[in-house]
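Here are some exercises to work through with the viewer open. Try each one yourself before you read the solution.

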Amino acid sequence: MTYANLYERPGPRGVRRNRALAALVALALLALAYVVYLRFDARDQWAAEKWTPLLRGDVWATFILPGLAGTLGAAVTGVILAGLFGLVFATARLSEHRWIRMPAAAVVEFFRSVPLLLLIFFAFFGSYMLIGVNISAFAAVVFGLTLYNGSVIAEIVRAGVLSLPRGQSEAAYATGMRKGQVMRLVLLPQAFRAMMPAIVSQFVVLLKDSALGLIVGYDELVDRGLNGIAANFSNVIPAAILIAAIFIVINLSLDRLAHRLGAR
Amino acid sequence: MDALLIERETILAAFWMTIRLTAVSALGSLVLGTLLTAMRVAPLASLRAAASCYVSVARNTPLTLVLLFTGLGVGANLGVELSDDLATNNFWLACIGLTAYTSAFVCEALRSGLNTVPVGQAEAARSLGLGFVKTLGLITLPQAFRAVVAPLGSILIALTKNTTIALVVGVSEASVRMREMIETYGDQVIEIFLGFAAGFLLLCLPMGLLFGWLSRRMAVAR
């Protein structure tokens, strides 16, 4: 989408003026970058010994790759469980029995409105008092990711089922299918296909949220980067930039995947 | 229930901090998000590139990392001091981080709002002789705002919940208080959790209702 309709195509004078303005803007941005550069430089963050560790194989092997594995482990476990949770609760909210529909709606709305961090704290710090054992940070993070994102996915899937033409379920009933079969064989597969881009976008949210694990001491990427690498080489800013870059690359590829799936 | 009653003052203080973080960051994100939107549709390619680069970086970085970067990187490492008082300094750093993150989402919402404004609106404005700034500021952007009231409401609710992450910059808001209370009153974990969850429900549900009502009321009839 272009927004060229917001302004006239510039004439010769306009072109010259726009060029001058563009140069001015570029200069201002460069000046801003230079100020940031100077501030970093004053703290020695550009020194080669702060950046070269990021290229070393042993740094990747001790910090970055295990951190990435931790992040992806929590995110993938989370997305599988959240998918199951979403499937169950979307079906429950679509039930024709009030006594199933209402509690399912309450559960979904509750977990959508509670901050993820509170869920993680509840599981992590409260588990000993509630079930007598201290659960691992991984379990607490996955617990939170599942309940929160599961509720969101439940809403996405439900919207998908509701958006299907009525004829789909009517035709399925007409062929003699039972309620469960209609849902399982006809409605859910179509809803899943229609909602795939939204579900992939939710996976991006989930992946970013898995970084909350650092607060309860789960060894994920942000923790390994800032508490691992930066503690050893005192290079907070280079490490943060590298970690951000890794997240951005993964998330942008997921974004692209969502677009592709949407186009199909 | 005792714990929640005994500690009601400190809990309210913690939620007051949550509300202040939300209010300041929401205002900041609205301003910065609008500015970014204007940059993304500007006639100058350099402005467009800068804004879209910023948005894709901010949107795809975990908020935890953004806040740690403002806290550890900008605050501690670069020595940017916004106030002599440590707590106030942390508060402003948290607001900067939350604003930097949320404004990218505001920008995305507003840009999709611009897509709903019919082409004829801008064409009519141009035919009256309005330039880019006036076309955008007086004609298309106001209509875009009215189209995206509901998404902006969702962003505000997400921001309210996201303020819990400000604890990584050392701001003591609701989530910090909840953790401390679970450790002090270990026998009342469920009550404490439900109490804090109810606090967030009380903040977020009215916002959802208000923005739902506003979006119906402000919708542009076409």
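Predicted model: local features only at pLDDT ≥ 70, side-chain atom pairs only at ≥ 80, totals over all residues.

**Exercise 1. Work out whether A:Gly228 and A:Ile80 are buried or exposed.**

The cut-offs you need: 20 or more other C-beta atoms within 10 Å makes a residue buried, and 12 or fewer makes it exposed.
- Step 1: find A:Gly228 in helix H9 (residues 221-233) of chain A. A:Gly228 has 20 other C-beta atoms within 10 Å, so it counts as buried.
- Step 2: find A:Ile80 in helix H3 (residues 57-93) of chain A. A:Ile80 has 12 other C-beta atoms within 10 Å, so it counts as exposed.
- Step 3: A:Gly228 and A:Ala245 are 17 residues apart in sequence and 17 Å apart in space. For A:Ile80 and A:Leu212, the figures are 132 residues and 18 Å.

**Exercise 2. Describe the fold of chain B.**

- Step 1: count the elements. Chain B has ten helices and zero strands.
- Step 2: get the dimensions. Its C-alpha atoms fill a box of roughly 70 × 45 × 25 Å along the principal axes.
- Step 3: Of the 222 residues of chain B, 48% count as buried. Among contacts with a separation of 6 or more, 76% link residues 24 or more positions apart.
- Step 4: bring in the record. An unreviewed UniProt entry places "transmembrane region" features at residues 12-36, 57-79, 91-110, 148-172 and 192-214 of chain B.
- Step 5: compare two of those spans with the model. Residues 12-36 of chain B are 100% helix, with end C-alpha atoms 35 Å apart. Residues 91-110 of chain B are also 100% helix, and there the end C-alpha atoms are 27 Å apart.

**Exercise 3. Which residues have the most contacts inside the largest nonpolar core?**

- Step 1: pick out the core, which has 133 residues. Those with the most contacts inside it are A:Ile120, A:Ala240 and B:Ala94.
- Step 2: ask who contributes. H5(B) gives the most to this core, with 15 residues.
- Step 3: zoom in on B:Ala94. Leaving out residues up to four places away in sequence, B:Ala94 touches B:Leu21, B:Leu67, B:Ala166, B:Val169 and B:Val171.

**Exercise 4. How many residues of chain B are in contact with chain A, and of what class are they?**

- Step 1: count both sides. On chain B there are 51 residues, in contact with 42 residues of chain A.
- Step 2: trace them to elements. Those giving two or more residues to this side of chain B include helix H5 (86-116), helix H7 (132-147) and helix H10 (189-218) of chain B.
- Step 3: sort by class. The side of chain B that touches chain A has 31 nonpolar, 14 polar and six charged residues.

Key: Residues numbered from 1 in each chain as written. Chains lettered and ligands numbered in written order. Contact = placed C-beta atoms within 7 Å. Helix = DSSP H or I, 4+ residues; strand = E, 2+ residues; numbered from the N terminus. Nonpolar A, V, L, I, M, F, W, Y, C, P; charged D, E, K, R; others polar. UniProt positions renumbered as here; feature names shortened; annotations may be inferred. Core = buried A, V, L, I, M, F, W, Y, C linked by C-beta atoms within 7 Å.
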